[in-house]
Amino acid sequence: MAEEKGLTETKLTVRQIKRGREKKYRDYPVVADNSTVAHELWEPIVHLGLWDIKGHQVVKGPWGGGTIEEAMRRPPKEFMVIDRASFAFYSHSYGLVSPFFRGLLEGKLMGTRCPKCGTVYCPPRAHCWKPECKVADCFENWIDLPLTGIIHTFTVQCLAAAPFEYMLPFSMGWVQVDGADTTLPTLLHIPPKEIFIGKKVKFEFVPEGKRKGDLMDLYAVAMVRGEKVPEWACLQRDPEAMEFVETSMKATLEFIKNRYGIDNGPEARGW
Amino acid sequence: MPKANRRVAICGGGIFRPDLWHGENAEEGVAIAYQDLLRQCPNLEADEIDAVMMSYFSDHLNQQLCMGWIIQDYLGLHGKPGYRVESGGSTPIDALVNAYYLIQSGFFDVILIPGWEWMCEVDVASTNEMIASAADTDWDFPVGGYYNAYYAALETRHMQLYGETCEDLGRIAVKNHNNSTHVSFSQWVSQHGTAPITLDDYWKSRLVCWPYRVLNNAVMSEGACCVLMAAEEKVKRFTDTPMWITGVGVGTDSMRPGDRTADFAYEGFKDEARIYPDFVKLPRTPYPDMANFASLHVAAKRAYAQAGITNPLKDMDLMEFFAPYDGVELCLYEDLGLCGRGEGKHMIREGVVEYGGECPVNVSGALTATGHPVGATSLYYTTFLFWQLAGKTKEKCGQDGLQVPNAKRALITGHGGTGCQGAVITFERD
């Protein structure tokens, strides 16, 4: 096949560059170092060759203004289309809400409380957003939150942005953690036929060794297994909608199996 | 309310149609749109353009910073003041708003507003990823997030609170796609032809994020548009049918939609909040909740106050909504005051917003059908309204063009993020 020929012959040149760690944080001590070899060797991982043209195609297509019919009536022109990749590797600080993410690594869910108005933020804010509190410091007021909450709203995804495609199909939603005033974006490890707004959930964490320090470290499961779905629930009250979601999820499972070789079925995933 | 120093009008728009792919690159596409504008405003000389207000959203999609400089130079306008406006999906309407501020205040007389976006250089999943980097990347993005999912979750909540159905979303999709088949620059026509679609086609449309199917979602586009805006002293040189700007309102809301359960900024609107249905258990939150779009609600109030609009349903002849997902259109019926909160579903069921209805919405076909190259989007639909108020829709779109009879007043909305920023502009002809 043409693509395979391109790959094996000359097109993909992975530059193996070894270099020392860039001095990024002035002289401040790194008190915990959980970075990986990617920190030094990111370039071949990310770039597969910086700005290198990996090939090109020539496409014969319509040109010029007006309607599509007018454009199609003109003799087509040949456009050269190059393939090139470019991105970077970021070392991003979570700032004053870093304790939240370090808490995730330890299996804890934390929020901040404004010392002036008492609003409990989860996601945490380091400073209160209420004008009357005049950007009050909240970052010394961490509170441990219970691993329980209520689904505020949700969706079932059969299409995703590039980094999350391999996880499809899945549900995400916003969960109001008990005791918090704001709501937390959360992956829902709950079959869509059981998801409804107002459902009580509990948070679980991925195994300790697999936690990375972002919201993918935790997910929500049903508080009560096999809980009856109320008759007003917006997805399930329409049997055709529910059936459509189930059919779409099956098709998505097949797509992911073909593209990634991953089985995201309920048996394999356990939910 | 700002003091009206002088009147400002849209004098025309030039279009390079949106499509899934163009051989021409962005600067060439903008040049084609500019040629189209010059044909419509033959008196326009480059010397008369005081400044250029450039509208494009993403630096990532083409891996090019300062694309505005390329455009300004390419059009030979590089001696003049030039600005780039960027606010996600709000970008093109924000360019209009800022150009209006500068002209209305007396600083400039004539501003050219070129807008464009070339969204298909990377694959669709990566385009979605790059667009989603307009969401909070520490919080909303990592959880499998992108805008289709965020908006789907917002619509799920609205649906639960107020009882619209998937069929209502289907009706909006059918309306807009069929409107689009009458538009000369429609991407839907370019890709799928002019055959009308039905609810059956909608039911066959693939699921993206429940409740949204493919036909409910904005298309990916490449395209460009150039709008000319001028002060009243200059207007007559460019057009006999100026579209006057009578009101401009801007609003903002929380960055993360999840924070709207504690959205203190809109506590003043509690009096408008309908009582939640009994079955909706805690947490109940005041307007806008994670359902409606408060930024556009206040933007509309501000624009209506300037324009003297008291009953938008009666006072307006047509509206163009920035609705990348059909539930947004339904919510905006409410947020813009065409009906009460929770009553949006009746507007589509009763045909109020259809072409021929009391207040047609998205006669252009808009973002889900006609095109959504972000930086050009609101400029396309402003140009479409310019045709409508000038009575030129059939001249521009052919005999099948859907001209709203005697259209005198219209409005356009635009917004970015999950309604993080929004604007409403009201227009009126002489």
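## Chain A

Of the 271 residues of chain A, 43% count as buried, where buried means under 20% relative accessible area, exposed over 50%, and partly exposed in between, with a 1.4 Å probe and protein chains only. This is a predicted model, in which local features need pLDDT of at least 70 and side-chain atom pairs count only at pLDDT 80 or more, while totals for chains, interfaces and linings use all residues. Residues are numbered from 1 along each chain as its sequence is written, chains are lettered from A and ligands numbered from 1 in the order in which they are written, and side-chain values use heavy atoms, with hydrogens and water left out.

The secondary structure of chain A comes to 6 helices and 10 strands; helices (H or I, at least four residues) and strands (E, at least two) are DSSP runs, numbered from the N terminus. Among contacts in chain A between residues at least 6 apart in sequence, 57% join residues at least 24 apart, a contact being heavy atoms within 4.5 Å.

Strand E10(A), residues 218-222, is mostly covered, with 5 of its 5 residues buried. Two strands pair if DSSP finds at least two bridges between them. Strand E8 of chain A (residues 184-188) runs parallel to E10(A) and is joined to it by 2 bridges, with Leu187(A) having Tyr219(A) as its bridge partner. Strand E9 of chain A (residues 200-205) pairs with E10(A) in the antiparallel sense over 5 bridges; here Val201(A) has Ala222(A) as its bridge partner.

## The sheet of chain B

Strands of a sheet pair through backbone hydrogen bonds, either parallel or antiparallel.

Strand E2 of chain B (residues 51-55) is largely enclosed by the rest of the structure, because 5 of its 5 residues are buried. Ala51(B), Met53(B) and Ser55(B) point one way from E2(B), Val52(B) and Met54(B) point the other way, and all are buried. E2(B) pairs with E3(B) in the parallel sense over 4 bridges, and Met53(B) has Tyr83(B) as its bridge partner. Strand E4 of chain B (residues 110-118) is also parallel to E2(B), joined by 3 bridges; Val52(B) stands opposite Leu112(B) in this pair.

Elsewhere in the sheet, E10(B) and strand E11 of chain B (residues 421-428) pair in the antiparallel sense over 8 bridges. Leu411(B) stands opposite Thr426(B) in E11(B).

## Cavities and a pocket

On a 1 Å grid over the protein atoms alone, a cavity is a set of points where a 1.4 Å probe fits but cannot get out, and a pocket is an open set with protein on both sides within 12 Å along at least five of seven lines; lining residues have an atom within 4 Å of a point. Grid points are joined across faces, edges and corners, and a volume is the space filled by probe spheres set on the points. The count comes to 2 cavities of 30 Å³ or more.

| Space | Volume |
|---|---|
| Largest cavity | about 50 Å³ |
| Second largest cavity | about 30 Å³ |
| Second largest pocket | about 780 Å³ |

Of the 38 residues that line the second largest pocket, the closest to its centre are Asn148(B), Asn217(B), Ala218(B), Val219(B) and Met220(B). Helix H7(B) gives the most to this lining, with 4 residues. The lining divides into 23 nonpolar, 14 polar and 1 charged residues; Ala, Val, Leu, Ile, Met, Phe, Trp, Tyr, Cys and Pro count as nonpolar, Asp, Glu, Lys and Arg as charged, and the others, Gly among them, as polar.

The residues lining the largest cavity include Asp136(B), Asp140(B), Tyr147(B) and Cys420(B), and this lining divides into 7 nonpolar, 1 polar and 2 charged residues. The second largest cavity is lined by residues including Glu320(B), Phe322(B), Tyr381(B) and Ile412(B). Helix H15 (374-390) and E10 of chain B each supply at least two residues of that lining.
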